[in-house]
Amino acid sequence: MKIIKRNGSEETFNVDKIINAVRKANNSSDTPFLTDEQIIDIADYVEYKCNKIKRAVSVEEIQDMVEDQLMAKGAFELARRYVRYRYNRSLIRKANQRRSKTGKFQQEPDRQQRTARLHGRRGQPRPDA
């Protein structure tokens, strides 16, 4: 079975990625909410649901299924932590996308540069009105 990654490419489904993500959220507290067996049950159920769909499923759809299963198990606090984990990962991805090839963050263009790009003027001075 294939999944569709955020960048649009396809990858083979890997249930271990679900298990690892839920474990990280589960272990982010002093007292875990679920046992390893329950986490594996959730991952297996998500894999089963994905196979039933009979098409490539997006990463976001899989993550939503995981969240639904966490809540179905009554692990509402863990579901909240999992959502927070997803959000933090998305922030990291965005930060990494903004890095240039030199390893420095790309600066947002200033307003004048954005306006020039919109009007097809690259590096040209703004015409007087």
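**Close-up 1. Q63 on helix α3.** Q63 sits in helix α3; helices here are DSSP runs of H or I with at least four residues, strands are E runs of at least two, and both are numbered from the N terminus. This is a predicted model, where local features need pLDDT of at least 70 and side-chain atom pairs count only at pLDDT 80 or more, while totals for chains, interfaces and linings use all residues. Residues are numbered from 1 along each chain as its sequence is written, and side-chain values use heavy atoms, with hydrogens and water left out. With a relative accessible area of 15%, Q63 is buried (buried is under 20%, exposed over 50%, partly exposed in between, using a 1.4 Å probe and protein chains only). Setting aside neighbours within four places in sequence, Q63 is in contact with R6, Y82 and R86, contact meaning heavy atoms within 4.5 Å.

**Close-up 2. The largest pocket.** Q63 turns up again here: along with R6, K17, A21 and V59, Q63 is among the residues nearest the pocket centre, out of 21 lining residues. A pocket is an open set of points on a 1 Å grid over the protein atoms alone, where a 1.4 Å probe fits and protein lies on both sides within 12 Å along at least five of seven lines; lining residues have an atom within 4 Å of a point. The space comes to about 600 Å³, counted as what probe spheres set on the points fill. At least two lining residues each come from β2 (10-12), α1 (15-26), α3 (59-72) and α4 (76-97). By type, the lining has eight nonpolar, five polar and eight charged residues.

**Close-up 3. The three-stranded sheet.** The strands form an open sheet in the order β2-β1-β3, with mixed pairing. β2 and β3 are the edge strands, each pairing on one side only. Strands count as paired if DSSP finds at least two bridges between them; β1 (residues 2-4) and β2 have three, in the antiparallel sense. One to look for is I3, whose bridge partner in β2 is E11.

**Close-up 4. The loop at K54.** K54 lies in the loop between α2 (36-53) and β3 (57-58). Its phi is positive, about 65 degrees, although K54 is not a glycine. K54 counts as exposed because its relative accessibility is 73%.

Conventions
Nonpolar A, V, L, I, M, F, W, Y, C, P; charged D, E, K, R; others polar.
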